[in-house]
Amino acid sequence: MTSSRSQAIGYGALYYAFSVFLIPMARELRASGTQVAAALTLAVLTTALCAPLVGRRLDHHGGRALMSAGSVLATLAVLGWSQVTSLPQLYGVFVAIGAASAMVLYEPAFAVVVSWFDGDERGRANALLALTVVAGFASSVFLPLAGLLTEEYGWRRALLALAGLYGGTAIPLHALVLRGRPRTAAAPVEPTQRAALVRAAVRARPFWLLAAAFTAHGGAVATIAVLLVTYLVRLGHPPVFAATVAGLLGVLSVTGRLVSTGLRRRWPAAPVAATIFTLQGLGALLLPLAGATVPGAIGCVLLFGIGFGVGTITLPHLLAERYGTTAYAGLSGRIAMFSVTDKALAPLGATALAQAAGYGWVMGAVALVCAIAAFALLAYHRL
């Protein structure tokens with residue numbers, strides 16, 4: 001599992017680093033910040049489009065070849081990113097980055113973990129927790145690292161260094177360490193049987209309740225992640241305070257995963273996650289009312305942040321619990337197609353709503369979406 005953990009941390013960190021490179025890239029490419037940021041949206045949408053195909057490939061052939069190839073593609077894409085001289089080149093590179101993301105980030109890493117610990121529910125839970133806890137600190141490590149490299153050497157050389165660091169660790173780990181589905185006494189599943197399992201699942205209500213819950217929650221989390229600093233500044237807080245408070249979300253995502261994993265040992269996972277999603281909605285709803293004060297802002301962020309990473313770790317558990325591991329990656333990929341797309345588009349819609357009606361309405365919409373996610377999980381649990 002070391003290779004999957006390194007993969008999620010190393011490549012996911014490049015997304016965090018994008019914000020560091022945004023201004024110098026825009027200046028050198030003679031483009032607006034919006035034009036440059038559109039590259040990241042394009043990458044996320046590409047990831048969503050590729051997710052179902054990647055899921056099917058993982059179910060049939062395991063993770064070693066796919067994730068090794070994704071590591072190579074990611075390394076080459078980041079090297080290409082360091083050499084772009086125009087917006088079309090930047091967009092082309094980020095299409096490749098989006099495809100590589102579908103091959104190496106959380107969804108495929110979770111599929112490898114679920115397959116690896118087939119039949120060992122406790123081991124699977126611990127491995128998923130370890131993966132998400134360590135990856136949760138990626139922003140804390142790589143944002144400062146990217147900033148230091150950029151300040152010292154410029155954004156192009158910083159990307160070269162990050163590409164070398166990533167490729168030098170992820171490629172050999174995946175090629176030499178990662179293995180596919182462990183050898184068991186069970187007979188191998190034919191592709192037609194696996195496809196039948198997927199078709200049966202997607203025709204039934206439980207799958208779509210899961211898709212609705214985690215798509216809605218992913219959009220809410222993405223919206224807060226993008227707009228929180230701006231909104232706190234608009235509420236009258238200094239930019240340094242706003243950035244510091246927003247930085248708590250990364251730490252709280254780890255805390256939430258630890259708490260939810262502990263609670264899941266006593267209560268079912270779906271009601272636990274639904275309760276946490278409800279608390280998040282309450283935090284968003286209270287932010288316009290109490291966020292102008294320092295204690296109020298911190299309290300609301302704490303309420304929302306406690307569930308920041310809970311969806312990430314709960315979905316693999318629920319999918320494996322209900323559907324087993326045979327077609328896990330295919331089902332996960334189908335949900336990712338919706339949830340990842342929402343993560344890309346929800347902040348854009350929220351920004352438009354904030355400009356048209358104000359940030360208070362955005363926070364109300366986030367609270368409503370969290371409530372929808374909680375309701376969908378409770379409905380799923382009753383089936």
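In which loop does Ser 82 lie? Ser 82 is found in the loop between helix 3 and helix 4, where helices (H or I, at least four residues) and strands (E, at least two) are DSSP runs, numbered from the N terminus. The model is a predicted one, in which local features need pLDDT of at least 70 and side-chain atom pairs count only at pLDDT 80 or more, while totals for chains, interfaces and linings use all residues. Residues are numbered from 1 along each chain as its sequence is written, and side-chain values use heavy atoms, with hydrogens and water left out.

With a relative accessible area of 0%, Ser 82 is buried; the word buried means under 20% relative accessible area, exposed means over 50%, and partly exposed is in between (1.4 Å probe, protein chains only). If its neighbours within four places in sequence are left aside, Ser 82 is in contact with Trp 155, Arg 156, Leu 159 and Leu 160, contact being defined as heavy atoms within 4.5 Å.

For the chain as a whole, there are 16 helices and zero strands, and 52% of the 383 residues count as buried. Among the contacts between residues at least 6 apart in sequence, 83% join residues at least 24 apart.

Beginning with helix 1 (2-29), we find Met 25 there, and Met 25 counts as buried because its relative accessibility is 0%. The loop between helix 1 and helix 2 holds Arg 30, which counts as exposed at 80% relative accessibility. Arg 30 also has a phi near 55°, a positive value in a residue other than glycine. Most residues other than glycine have a negative phi.

Next come two helices that pack against each other, helix 2 (residues 33-61) and helix 4 (residues 87-104), at an angle of about 35° and with their axes 7 Å apart. Here the axes are lines fitted to C-alpha atoms, for helices over the stretch in contact, and angles run from 0 to 180 degrees between N-to-C directions. Among the residues that make the contact are Val 36, Leu 40 and Thr 47 of helix 2, and Leu 90, Tyr 91 and Phe 94 of helix 4. Sorted by class, this contact has 18 nonpolar, five polar and no charged residues, where Ala, Val, Leu, Ile, Met, Phe, Trp, Tyr, Cys and Pro count as nonpolar, Asp, Glu, Lys and Arg as charged, and the others, Gly among them, as polar.

Helix 3 (residues 64-81) has 18 residues and reaches 25 Å from its first C-alpha to its last, close to the 26 Å expected at 1.5 Å a residue; the expected span is 1.5 Å times one less than the number of residues. Its buried residues include Leu 66, Gly 70, Ala 74 and Trp 81.

Rings of Phe, Tyr and Trp (its six-membered ring) pair if their centres lie within 6.5 Å, and planes under 30 degrees apart count as stacked, over 60 as edge-to-face and the rest as tilted. By this rule the count comes to seven aromatic pairs. One of them is formed by Trp 81 and Phe 94, edge-to-face, at 4.8 Å centre to centre and with 75° between the planes. Since Trp 81 lies in helix 3 and Phe 94 in helix 4, the pair ties together parts that are 13 residues apart in sequence, and both residues are buried. Another edge-to-face pair, Trp 208 with Phe 338, has 5.7 Å centre to centre and 70° between the planes. This pair ties together parts 130 residues apart in sequence, because Trp 208 lies in helix 10 (residues 205-234) and Phe 338 in helix 15 (residues 328-357). Trp 208 counts as partly exposed at 40% relative accessibility, and Phe 338 is partly exposed with a relative accessible area of 34%.

Finally, helix 5 (residues 106-116) is largely enclosed by the rest of the structure, because nine of its 11 residues are buried.
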